[in-house]
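Okay, thanks for coming, everyone.

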Amino acid sequence: MNGLVEVFATEPTRAQLIWRRRGAGRSVVRVGAQTLSPQSSDAIVAWELHDLTPGATIPILVNDEPVGSVTTMPSLGDTRPDRIATISDIHLGEPGFGFLPRRQRPDGDHAFICLRAALTEIVAWQADVLVVKGDIAHEPNRATYDLFADEIAATGLKVIILPGNHDGGNHRGVPMIESLARVGHVLTEEFTLVDLEHVRVIAASSLRRGNGLGRIEAADAVFAAAGSAPSSVLLATHHQCNALPVPTYWPPGIPYHEARRFLDALAEANPRTLMTSGHTHRHRARRHGPLMITEVGSTKDYPGAWAGYLAGSDAVVQVVRRVADPEALRWTESTRSTVANVWGKWSAGSIDHRSFHHPWPS
């Protein structure tokens, strides 16, 4: 066998496979009726599988040798689910990433390349709404925000934009409001909601001016919006809710006791809620009572990803996909070995934290 295949993401009818070359020679990868043949020069490639059977387990063969399987998620029913995409922690202008070793790119364009590729994929995925969950610039400045605004406007998508701590929290500089206004977009400084057929999308700013920690200042408005939703809610913030009184990883988000009070009130307002954040550059999922809580990583460092949500009347699917553009993929893969070769294991999380089917509580 000349390569390793990783199942990175699954949906009811789709999946994403990552191929890493191992040794010389040509390999043929078969997944059900689909045949995939990496080129001899491919060190890493992302493959998209389409038209899979929902709720099925499909063997993966490399050169006719079984190496694993893809298990798709259950169907969300006959009606089209709402499609919400999220990206976060873009960090335009950051010259590199990590330490021990630090990865550098001479032209410094990796964050922009990853952003543009992610947006192209999200448009092809046919998202109804895109939520940008903050940390757009690494250091806030007008040129960076103008660049971002132009890329967002070019998608033609309905977009909700949140600030992160790098956009005015503990990183101070030029605000992005004017750049967004130039292309007809508005920064969410408190909270915004959009109603789709099956889900209410709420985006709430967690920015705390002059501080890296988070706080949802418009909490009462969020509870009211969640409680009045016709059915289920997808809530997006930048900062994560800290799960323990003493943070066990960096960076900390909304302090534990404040976060717990917020989540308890949110669960009471609408138990049919999935809350998703950025900030940590990692992928994790946990429950808080009836709520599903997730963290989704950055577009520009390993694994280099964006998230999609398929929301139906009875359940929601989260799927986190690696940005598949070859240049973006080569860069994000190079950051896998930072932090003394720990980052690749730490940041990606397990597949069931990235891709899952969550039934809405009845």
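**Tryptophans, cores and a pocket**

Let's start with two tryptophans: Trp 125 is buried, and Trp 306 is buried too, where buried means under 20% relative accessible area, exposed means over 50%, and partly exposed is in between, using a 1.4 Å probe and protein chains only.

Some housekeeping before I go on. This is a predicted model, so local features need pLDDT of at least 70 and side-chain atom pairs count only at pLDDT 80 or more, while totals for chains, interfaces and linings use all residues. Residues are numbered from 1 along each chain as its sequence is written, and side-chain values use heavy atoms, with hydrogens and water left out.

Back to the rings. Searching the whole structure turns up 5 aromatic pairs. To count, rings of Phe, Tyr and Trp (the six-membered ring for Trp) need centres within 6.5 Å; planes under 30 degrees apart are stacked, over 60 edge-to-face, and the rest tilted.

Take Trp 19 and Trp 47. Their ring centres sit 6.0 Å apart with the planes at 40°, so this pair is tilted. Trp 19 belongs to strand β2 (residues 15-21) and Trp 47 to strand β5 (residues 44-49), so the pair ties together parts 28 residues apart in sequence. Helices and strands here are DSSP runs numbered from the N terminus, H or I with at least four residues for helices, E with at least two for strands. Both Trp 19 and Trp 47 are buried.

Now compare our opening pair. The ring centres of Trp 125 and Trp 306 are 5.7 Å apart and the planes are at 75°, so that one is edge-to-face. Trp 125 is in the loop between α1 and β11 (129-133), and Trp 306 is in strand β19 (residues 305-311), so this pair ties together parts 181 residues apart in sequence.

What does Leu 36 touch, not counting residues up to four places away in sequence? The list is Leu 17, Ser 27, Val 28, Val 29, Val 31, Trp 47 and Leu 49, with contact meaning heavy atoms within 4.5 Å. Leu 36 has 11% relative accessibility, so it counts as buried.

On to the cores. A nonpolar core is a set of buried Ala, Val, Leu, Ile, Met, Phe, Trp, Tyr and Cys residues joined through side-chain atoms within 4.5 Å. The largest one has 42 residues, and the most contacts inside it belong to Ile 87, Leu 130, Val 132, Ile 136, Phe 148 and Ile 161. Helix α1 (residues 110-124) is the top contributor to this core, giving 9 residues. If you click on Phe 148 and skip neighbours within four places in sequence, you'll find contacts to Ile 90, Leu 92, Leu 115, Val 132, Ile 136, Ile 161 and Leu 180. Apart from that core lies another, of 30 residues, including Ala 285, Val 296, Val 319 and Phe 356.

Most residues other than glycine have a negative phi, and most peptide bonds are trans. Asp 64 has phi near 70°; you'll find Asp 64 in the loop between β6 (57-62) and β7 (65-71). Asp 135, in the loop between β11 and α2 (142-155), has phi near 55°. Which of the two is exposed, and which is buried? Asp 64 is exposed at 57% relative accessible area, whereas Asp 135 is buried at 2%.

There are cis peptide bonds to look at, too. One joins Leu 100 and Pro 101, with omega about -5°, and Pro 101 sits in the loop between β9 (96-97) and β10 (103-104). The bond from Trp 250 to Pro 251 is also cis, omega near 0°, and Pro 251 is in the loop between β15 (232-236) and α5 (256-269).

That takes us to the largest pocket. Its lining has 27 residues, and Phe 97, Trp 250, Pro 251, His 279 and His 281 lie nearest the centre. A pocket, on a 1 Å grid over the protein atoms alone, is an open set of points where a 1.4 Å probe fits, with protein on both sides within 12 Å along at least five of seven lines; lining residues have an atom within 4 Å of a point. That's all from me, so over to you.
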